[in-house]
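Thanks for coming, everyone. Please have a look at it first.

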Amino acid sequence: MADITRRLGFRHLRAAPTAHIRHLRGGTLAHDGVGLAFWFRPLDAALSEVPVDDRELAVLFHARTADFQDVTVQATLTYRITDPAVAAARVDFSVDPDTGAWRAAPLDQLGTLLTETAQQHALDLLARTPLAAALTDGVTAVRERVTAGLAADPRLAETGLAVIAVRVVALRPEPEVERALRTPARELVQQEADRATYERRAVAVERERAIAENELGSRIELARREEQLLAQQGANARLQAEEGAAADRISAEAEASRRTRLAEAEADAARVLGDARAAAEAAWLTAHQQADPATLRALALLRLAEHLPRIDSVTLTPDLVTGLLSRLGAAPAEAAPGRAAPAEAVPGASIPGKAVPGEGRG
């Protein structure tokens with residue numbers, strides 16, 4: 001869109017570098033070129049602005065294949081106006097001298113021309129192509145056919161247009177048909193997935209079987225080792241019992257031998273002691289046989305005195321002492337030789353340890 005300014009009844013136009021301006025003054029060409037800037041009077045001026053840059057046109061249309069299936073074609077056309085004078089003569093590119101805006105819609109007109117022309121060539125091709133072939137190789141075929149058809153179309157050349165590139169973005173059937181066409185591929189993919197799953201399960205089962213076999217082999221080997229261990233422990237226990245029995249036997253024999261020797265020693269000691277005691281008794285008896293009665297009585301009194309209980313007090317009267325002295329002096333004369341005189345009761349004598357009745361304690 002050109003930039004137009006007002007000054008005292010005159011107008012100044014400044015065009016973009018990609019816009020071709022044609023200025024007719026009174027039917028005569030006054031200015032013609034790209035990126036112009038000039039003053040003009042709006043009353044006698046006819047202005048046209050033709051873009052000369054590359055333009056992108058999106059094309060979307062429906063077509064029917066040879067097997068009567070509806071498909072959608074989505075493409076993009078890149079075109080350019082190569083002859084602005086011819087295009088300005090064939091299409092209304094006039095602009096308002098006050099605002100610089102196009103009075104009509106020339107780009108929409110060119111877009112409709114390009115879309116219908118491209119659609120015509122694409123429909124002609126797809127009408128003779130089955131759906132499967134169209135979906136397989138239709139993008140390339142449609143692009144080549146549309147490119148060739150637009151390049152050979154005389155109307156585009158007469159309008160000053162040139163199609164630079166054609167890009168077919170997509171060629172798709174109806175959603176139901178597309179789902180139906182996807183089903184075999186999905187089934188194949190699912191079959192491959194199932195096969196991979198089965199193979200994975202088979203590998204897992206095989207590995208589990210190998211693991212189970214390894215565990216069973218390990219258990220068998222462990223049981224065999226335990227059997228060997230038990231046999232070795234039994235042998236060790238038997239050997240230990242035999243060694244203990246031998247040690248006990250040796251200990252018993254040693255103890256028996258010790259006790260035998262001890263008994264023999266004790267017997268010898270008892271025999272020797274008995275002999276000694278017999279000899280002592282014999283000597284004692286011999287000594288008593290050879291001793292006189294007075295000595296024997298004295299010994300008897302000594303023995304008796306050794307076994308007498310403790311005497312706290314003894315009471316002696318003059319009569320008792322006199323009688324005892326007289327008896328001791330007369331005893332040797334009256335007694336028979338070799339025999340002891342019988343003891344007589346001494347008048348006035350008291351039992352040792354007991355007091356005489358009627359007498360006081362000394």
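**Cavities and the sheet beside them**

Val59, Phe61, Val73, Ala75, Leu77, Ala118, Ala122, Val142, Val146, Val166 and Val168 line the largest cavity. A cavity here is a set of points, on a 1 Å grid over the protein atoms alone, where a 1.4 Å probe fits but cannot get out; lining residues have an atom within 4 Å of a point.

Before I go on, a note on the source. This is a predicted model, where local features need pLDDT of at least 70 and side-chain atom pairs count only at pLDDT 80 or more, while totals for chains, interfaces and linings use all residues. Residues are numbered from 1 along each chain as its sequence is written, and side-chain values use heavy atoms, with hydrogens and water left out.

Back to the largest cavity. How much space lies in it? About 50 Å³. Volume means the space filled by probe spheres set on the points, with grid points joined across faces, edges and corners.

Which elements supply the lining? At least two residues each come from strand 7 (55-64), strand 8 (70-81), helix 2 (106-126), helix 3 (131-152) and strand 9 (161-173). These are DSSP runs, numbered from the N terminus: helices are H or I with at least four residues, strands are E with at least two. Strand 8 has the largest share, three residues.

The whole structure holds two cavities of 30 Å³ or more.

Three strands form an open sheet in the order 7-8-9, with antiparallel pairing. Two strands pair if DSSP finds at least two bridges between them. Strand 7 and strand 9 are the edges, each pairing on one side only. From one strand to the next, the twist averages 20 degrees. Axes are lines fitted to C-alpha atoms, for helices over the stretch in contact, and angles run from 0 to 180 degrees between N-to-C directions.

Strand 8 is joined to strand 9 by 11 bridges.

Key
1 Å grid on protein atoms, 1.4 Å probe; cavity = no way out; pocket = protein on both sides within 12 Å on 5 of 7 lines; lining within 4 Å.
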